[in-house]
Amino acid sequence: MSTEKRYKNPPIAEALCEIHFEEGLKWNATFFGLFHERIKNEFPEAKELHGLEMGFQTKPGRIDQQFREVGIRMRFHRKDKTALVQISKNLLAVNLLPKYPGWKKFKPLILARLEDYISVIQPKAIVRTGLRYINRIVLPEAEFKFDRFFAKSSYLPSGIYQELGPFLVRVELSPYKETRLHLTVATHTEPAERGQIANIVDLDHIAFNRMEPPAEKNIGIVLEEAHSKIIGVYESIIGDELRERFGVEES
């Protein structure tokens, strides 16, 4: 099992967990208030969102982008905006924003909010669990060479280490039928401060483990396995010079 290194300045722009459910009790809008009552001391700010799902329809000679409404989602924020919880029909999401406090605090937060969701909404089963880390690594443009800051890894195609211009590569790692790990690496992704460039390392682990009560208590194991795989891939990609810039904390 991979051990998470603690960095003084982690580049994590967002860490999130999404848990999808099979409906138990018939969904109704009172669930939003009942759920918020359980978490309002830590997450006092509530905001209603109308969810949209994007799709594509192929027509002769063109591809049309389409949106459809998928229902209301409620978002609950901490006062300091470092974390938020989102719920909608058959969905719970827990998001952490900078500064990432580490897995030892993130995992208990996920499990606590899952307990709240199950107690209020009583889903029939958990059907999918996603854990995702989006890293935004900003570096001086004059110094940037991919092979200087990123280690050669078996998870990435060898050609990108000679690439001088911007690129995006997406790899799906699927060692088992019930899990997927999507790795996306992109350079020169967006404007940063003058003379800087932003690079993205995005790791998204999805587990299709169906868990009916009381088996949902096993989700802690699923989360640990997902986190371990993500950390293992991430640490194989970043180079020692990046670690020095992030600042490894002593254990």
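Gln-86 sits in strand 4, which spans residues 83–88; helices (H or I, at least four residues) and strands (E, at least two) are DSSP runs numbered from the N terminus. The model is predicted, so local features need pLDDT of at least 70 and side-chain atom pairs count only at pLDDT 80 or more, while totals for chains, interfaces and linings use all residues. Residues are numbered from 1 along each chain as its sequence is written, and side-chain values use heavy atoms, leaving out hydrogens and water.

Gln-86 counts as buried because its relative accessibility is 5%; buried means under 20% relative accessible area, exposed over 50% and partly exposed in between, with a 1.4 Å probe and protein chains only. Leaving aside residues up to four places away in sequence, Gln-86 touches Leu-49, Arg-73, Met-74, Arg-75, Leu-91, Leu-92, Ala-93 and Asn-95, where contact means heavy atoms within 4.5 Å. With Arg-75 there is also a side-chain to side-chain polar contact at 3.2 Å (a pair of N or O atoms within 3.5 Å; within protein, one must be able to donate a hydrogen and the other to accept it, and residues adjacent in sequence count only if both atoms are side-chain atoms).

Strand 4 is also among the elements that cover the buried residues of helix 2, as are strand 1 (12–22), helix 1 (30–39), strand 5 (91–96), strand 6 (125–140) and helix 4 (219–237). The buried residues of helix 2 include Trp-103, Phe-106, Lys-107, Ile-110, Arg-113, Leu-114 and Tyr-117. An α-helix has 3.6 residues a turn, so residues three or four places apart point the same way. Helix 2 covers residues 103–121 and reaches 26 Å from its first C-alpha to its last, close to the 27 Å expected, a span taken as 1.5 Å times one less than the number of residues. Gln-122, which follows helix 2, has a positive phi near 50 degrees.

The whole structure holds 14 aromatic pairs (rings of Phe, Tyr and Trp, the last by its six-membered ring, with centres within 6.5 Å; planes under 30 degrees apart are stacked, over 60 edge-to-face and the rest tilted). Tyr-7 and Phe-246 form an edge-to-face pair, 5.5 Å centre to centre with 75 degrees between the planes. This pair links the segment before strand 1 with helix 5 (residues 240–246), 239 residues apart, and both Tyr-7 and Phe-246 are buried. The pair of Tyr-100 and Tyr-133 is edge-to-face because the ring centres are 5.5 Å apart and the planes lie at 85 degrees. Tyr-100 is in the loop between strand 5 and helix 2 and Tyr-133 in strand 6, so this pair ties together parts 33 residues apart in sequence.
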